[in-house]
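Please read them beside the model.

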Amino acid sequence: MMNPKLLVVGELNVDLILNKIHAFPQVGKETIADEMDMCLGSSSAIMAANIAAMGVDTTFCGVVGDDYFGDFILRELEQKSVSCKHVTRLPDQKTGCTLILNYGQDRANVTFQGAMNALTISNIPFEAPANYQHLHVSSLFLQKGLLNNIEQILMNARAAGMTTSLDLQWDPTEQWAFDYARCLPYVDVFMPNESELLALTNTDSVSSAIEKVRPYLNMLALKVGRKGSLGLCGEQQLTVPAFKGPHFVDAIGAGDSFNAGFIQKYISGAPLEECLREGNLMGALNTTAAGGTGAFCNFNKISENIKDFWGIELSLS
């Protein structure tokens with residue numbers, strides 16, 4: 001009997017990925033990419049697809065257009081066992097798309113937001129008691145329909161008995177209009193990466209940034225790239241090293257896969273260190289295949305690869 005536990009609210013788009021670029025593009029010049037892929041994109045959808053592939057009952061709330069990209073996204077999510085019953089299709093909107101240019105281990109993204117701007121607080125299913133155990137929100141700055149109401153969204157989730165997590169992602173406008181003093185008390189797990197936290201707090205060191213947000217935090221799960229992750233909960237602060245991958249394909253969605261691993265353990269009641277370790281493990285696994293979901297076919301394949309790559313037996317609990 002299925003028991004929905006996780007509700008992911010956020011943007012939906014496809015990723016068009018160009019790999020093995022001969023030179024990074026310059027204005028007025030043309031270059032060649034040897035590989036191209038189209039796959040499920042968006043921070044929110046990648047997290048949802050990957051945590052569902054890990055065995056977590058997952059439902060998505062978002063908006064797509066009534067077009068080919070929308071068909072593709074819904075098909076990809078459903079193949080990963082993500083329920084799309086709260087995904088709205090709007091015939092007057094185009095589905096979002098991100099063009100990703102990978103150059104070595106660096107990349108540049110250009111995003112067309114499209115229908116993702118049409119998602120609002122009214123689309124989110126809040127019942128009390130909640131049908132879901134946990135709410136995860138990603139890419140807030142790409143979603144104008146959510147940004148102004150994020151505090152109320154988090155409060156509504158809390159009132160319905162849900163725990164919450166938030167991954168702001170980068171702000172393309174670099175205005176960082178997120179009132180962390182008001183909102184973070186309603187966030188059970190705050191999940192930025194290092195550069196996002198520094199930009200949000202307008203500081204130049206992780207320690208200074210943490211001191212700015214610490215009074216408002218419940219739990220911090222900070223992604224620090226090749227160094228792994230840093231966790232903070234009350235007086236407890238610890239760093240968990242990254243896993244070295246057997247071969248690197250690309251890092252698209254690695255942070256979202258970290259989120260999936262962390263939240264899977266968090267909602268099962270695991271301690272902070274175990275949550276961070278699982279996040280690091282899933283982030284490393286992500287980089288072994290193209291795109292954000294390529295390494296997350298199903299739980300059996302995930303388990304098999306993790307055992308082959310790192311000798312670790314994967315557990316759902």
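How many aromatic pairs does the count come to?

1. The count comes to nine aromatic pairs. Keep in mind that this is a predicted model.

2. Take F141 and W176. They form an edge-to-face pair, 5.1 Å centre to centre, with 80° between the planes. The pair links distant parts of the chain, 35 residues apart. F141 sits in the loop between β8 (134–138) and α3 (144–147). W176 sits in the loop between β9 (163–167) and α5 (180–183).

3. F141, W170 and W176 form one aromatic cluster.

4. F243 and W310 also pair edge-to-face. The values are 6.1 Å centre to centre and 70° between the planes. F243 lies in the loop between β13 (236–240) and α8, and W310 in helix α10 (residues 299–310), so the pair ties together parts 67 residues apart in sequence. F243 is partly exposed at 21% relative accessible area. W310 counts as buried at 18%.

5. Now the helices. α8 (residues 254–266) and α9 (residues 272–286) pack at about 145°, with axes 7 Å apart. The crossing of α8 past α9 is right-handed. Contact residues of α8 include F258, F262 and Y266. Those of α9 include L272, L276 and M282. By class, the contact has eight nonpolar, seven polar and three charged residues.

Note on methods. Residues are numbered from 1 along each chain as its sequence is written. This is a predicted model: local features need pLDDT of at least 70, side-chain atom pairs count only at pLDDT 80 or more; totals for chains, interfaces and linings use all residues. Side-chain values use heavy atoms; hydrogens and water are left out. Axes are lines fitted to C-alpha atoms, for helices over the stretch in contact, and angles run from 0 to 180 degrees between N-to-C directions. Helices (H or I, at least four residues) and strands (E, at least two) are DSSP runs, numbered from the N terminus. A crossing is left-handed if the near helix is turned anticlockwise from the far one by less than a right angle, and right-handed if clockwise. Contact means heavy atoms within 4.5 Å. Ala, Val, Leu, Ile, Met, Phe, Trp, Tyr, Cys and Pro count as nonpolar, Asp, Glu, Lys and Arg as charged, and the others, Gly among them, as polar. Rings of Phe, Tyr and Trp (its six-membered ring) pair if their centres lie within 6.5 Å; planes under 30 degrees apart count as stacked, over 60 as edge-to-face and the rest as tilted. Buried means under 20% relative accessible area, exposed over 50%, partly exposed in between (1.4 Å probe, protein chains only).
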